[in-house]
Every structure is written in C-alpha cells, then in structure tokens.
Amino acid sequence: MENLGYYCGSYGLIEEMKIPMNDRACYFGDGVYDATYAANHIIYDLDEHVDRFFHSAEMINITLKLTKSELKNLLNEMVIKVDSPDQFIYWQVTRGTALRNHSFPDSDIPSNLWIMIKPGTIKDLNQKFKLITVEDTRYLHCNIKTLNLLPNVIASQKAFEAGCDEAVFHRGERVTECSHSNISIIKNNVLRTAPLDNLILPGITRGHLIHFCHDNNIPVDESPYTLDELIHADEIIITSAGALCIAVSEIDGIPVGGKAPDILNLLQHAAITKFIHDTQIK
Ligand code: PMP
C-alpha cells in the first residue's frame, strides 16, 4: 500500500480513515505520541521510542490496551505492508471516546491507539539548517510527548515563513530545544546540551549524540546554555529521529558555527553509520 492507517483495530489508507468525533484527541488533544523512521522496512530505534511512548502515557495516566512487545509487533507488521522501504512511523494513544467533559471518562473506557505510516526519509546530513529564535511560551511539561503542539506548530510556521528549517526556543536567555528537535552546541571541544528536565523532550537522538561523544572522549556538559553561547558556539547540532545530526549555519540571519568541522564530521559519521547499521536487512 501507498501508506497505512490504523485506528483501534481498523486499517486503511490514511486519507480514508474515519475517527469518532468523541475521541478525546479531538476536544483536548488528550493523548501522547511517538515517531521515528524506517529504512528497508526496518524501524529505527523502535525499542527506545516505544519505551518513551509508554512512559509519556504513564505520566498522564493513560493505560495502553497492549504491551510494549504487542505494539512493536503491530508496527513491524504494518511496516511490511507499505510499499516504500523508507517510511515515517507515527503512533499515538488517546484517553478513549466519551462525550466532552474535562475530567477523565470512566476508568473502564479503553484508550484509543492510532498509527500512521507514510513514505519518508531521514534528512541529508550534508545540508545545514537555518534557524530563527522564538520565545518558548510552551507549558512546563515539555518532557511529556503530548499531542498539544500549538506553540510548536506556530513556531515551525514562523520558521517556514522566514525561509528557515527550524525554530529554536528560549526561555529568556536560556536555550531549551527546537519546535520538533533538540539542539546542542560544541564549544572548546565540549558538547553542551540542555539538561533533561521538564523544559525539553528527552530526545532519543540527543541520547545517541551523547553516547557518540562518550565513545570518542568528547566531554559532555548537560547544563543550561544561553542564546549568546548558542550564537558564539563552534558548531550547533540539531538532533531528531528525522534530522539525525544536522549542523546549523545561520540563526536569525547571522552566520554561526563552522568552527569545529572535525568534531562535527565525526559525530555525523557516527550517527549515519548507526542508522545504516541498525536498518540493514540481516
Ligand atoms: N524535541 C521535540 C519538541 C520534538 O518534537 C522532537 C521530535 N520528536 C525532539 C525533541 C527530538 O526527539 P527524537 O530525537 O526522539 O526524535
């Protein structure tokens, strides 16, 4: 199939799927999601994304109707049915179907699982991103991968309208993350990346970046850094399941980075090597 949707046991082309109006996603965005890519019909980092998904659901008291391994089996079965070997894999769970009411529906109402798989490829690491800066006006639970993405959507649109690739959020002077990726810097041969608190999503790819640094004796400093430190960094690195490890060349029209190409190349090489290795047909 060209693409594949799933909703609570029903399958079909995404464009043809019908969802009940009372699914709590429609009124409240009451759910959480996760997403990654596949190559050769093999889903990248599936275990880590499913772990984070269950953790996000647990943090907002949503119970899945299936186990982690049942979800992985379902996703793996669906990936085979989509024609393109390179795919974007997205899934979400919502707090069931009930007439609109803010507080939770009865506890015996089951949660709803949605999945959508469409053709998609990770980005070319040879490109460099241009960013805009945007004040981070999101709430204080950014560690939960909630469906509520309005500030992220608006920031992303602002970046698009400015001819840029991403928007980097900051709370006052402190850099948090981007609208749909994490951001780290290299300064004086040290990787600096915002700490895992409630202001950022614990990106799976950010975790890999830290591991690659450890493997290559590059020190890692997980303490907050400022906009000024961002602009004056030797390199700026965007990480996400789709971007893997992309360098930044411009922020708000100011040329940035490009001063530690050896470290950048080493980290990008590690990222793409892991992706190719893990999505190889065994
Ligand atoms: N932060 C935000 C806000 C995101 O939406 C994403 C993408 N899911 C990330 C960071 C990067 O996470 P990951 O590396 O797990 O894709």
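## A nonpolar surface patch

Leu150, Val153 and Ile154 make up a nonpolar patch on the surface, with about 300 Å² of accessible area together. Such patches join residues with over 30% relative accessible area and no salt bridge, nonpolar side chains (Val, Leu, Ile, Met, Phe, Trp, Tyr) within 5 Å and like charges within 9 Å. A salt bridge is a side-chain nitrogen of Lys or Arg within 4 Å of a carboxyl oxygen of Asp or Glu. Areas come from the Shrake-Rupley method with a 1.4 Å probe; for residues, only the protein chains shown count as cover.

This is a predicted model: local features need pLDDT of at least 70, side-chain atom pairs count only at pLDDT 80 or more, and totals for chains, interfaces and linings use all residues. Residues are numbered from 1 along each chain as its sequence is written, and side-chain values use heavy atoms, leaving out hydrogens and water.

## The ligand site

The ligand is surrounded by 18 residues, each with a heavy atom within 4 Å of it. The closest are Arg52, Lys145, Glu177, Ile204 and Thr205.

Polar contacts are pairs of N or O atoms within 3.5 Å. A ligand nitrogen is 2.5 Å from an N or O atom in the side chain of lysine 145. A ligand nitrogen also lies 2.7 Å from an N or O atom in the side chain of glutamate 177. A ligand oxygen is 2.9 Å from a polar backbone atom of alanine 241. The protein covers 92% of the 390 Å² of accessible area that the ligand has on its own.

Methods:
Polar contact = N/O pair within 3.5 Å; in protein donor to acceptor, adjacent residues only side chain to side chain.
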